[in-house]
Amino acid sequence: MSAQPRPADGALTPLGLPRPIEVQPGPGGEPRELRRPRRAPLAVERIEEAWRIADEWWREPPLSRSYYRVVLEGGGTLTLFHDATQPLACGWYEQRY
């Protein structure tokens, strides 16, 4: 995974863009562990909320995501989503707000 290029001086950057993240899914496809670059893996202690978005059917491919609001070991919370147009082992993102 490569770093996002820095914008030119004075250029605006969008806020809240999803960032790719490595996730180990459980047997049902739910996130069980995540890994960030240069950090130890973190277990998902529990899923607080899960929802799906299927939208923009006219796009190719259409928008299809499974979102999870998770509590990580140590107590941190995070929103993740899986892009359903990609295999379960990849296509995971951290959604920042």
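This note goes through the fold of the chain, its sheet, its aromatic residues and the surroundings of one histidine.

1. Basis of the model. The model is predicted, so that local features need pLDDT of at least 70 and side-chain atom pairs count only at pLDDT 80 or more, whereas totals for chains, interfaces and linings use all residues. Residues are numbered from 1 along each chain as its sequence is written, and side-chain values use heavy atoms, with hydrogens and water left out.

2. Overall make-up. The protein chain holds seven strands and zero helices, where strands (E, at least two residues) and helices (H or I, at least four) are DSSP runs numbered from the N terminus. Of its 97 residues, 27% count as buried, a term for under 20% relative accessible area, with exposed meaning over 50% and partly exposed in between (1.4 Å probe, protein chains only). The chain exposes about 7000 Å², of which carbon and sulfur atoms supply 52%; these areas come from the Shrake-Rupley method with a 1.4 Å probe, and for residues only the protein chains shown count as cover. Among contacts (heavy atoms within 4.5 Å) between residues at least 6 apart in sequence, 36% join residues at least 24 apart.

3. Seven strands form an open sheet in the order 1-7-6-5-4-3-2, with antiparallel pairing. Strand 1 (19-20) and strand 2 (22-25) are the edge strands, each of which pairs on one side only. Two strands are taken to pair if DSSP finds at least two bridges between them, and strand 5 (residues 63-72) is joined to strand 6 in the antiparallel sense over seven bridges. Val 71 has Thr 77, in strand 6, as its bridge partner.

4. Aromatic residues. Rings of Phe, Tyr and Trp (its six-membered ring) pair if their centres lie within 6.5 Å, with planes under 30 degrees apart counted as stacked, over 60 as edge-to-face and the rest as tilted; by this rule there are four aromatic pairs. One of them is the tilted pair of Tyr 67 and Phe 81, at 5.0 Å centre to centre and 35 degrees between the planes. That pair links distant parts of the chain, as Tyr 67 lies in strand 5 and Phe 81 in strand 6, 14 residues apart. Tyr 67 is buried at a relative accessible area of 8%, and Phe 81 is buried at 2%. The pair of Phe 81 and Tyr 93 is stacked, because the ring centres are 5.1 Å apart and the planes stand at 20 degrees; here Phe 81 in strand 6 is linked to Tyr 93 in strand 7 (residues 92-94), 12 residues apart. Trp 51, Tyr 67, Phe 81 and Tyr 93 form one aromatic cluster.

5. His 82. This residue lies in strand 6 (residues 77-83), and His 82 counts as buried because its relative accessibility is 7%. Leaving aside neighbours within four places in sequence, His 82 has contacts that include Ser 64, Arg 65, Ser 66, Pro 87 and Trp 92. Cys 90 is also in contact with His 82, and the backbone oxygen of Cys 90 lies 2.9 Å from a polar atom of the His 82 side chain. Val 23 is 59 residues from His 82 in sequence, and the two are 9.3 Å apart in space, C-alpha to C-alpha.

Conventions. A polar contact is a pair of N or O atoms within 3.5 Å; within protein, one must be able to donate a hydrogen and the other to accept it, and residues adjacent in sequence count only if both atoms are side-chain atoms.
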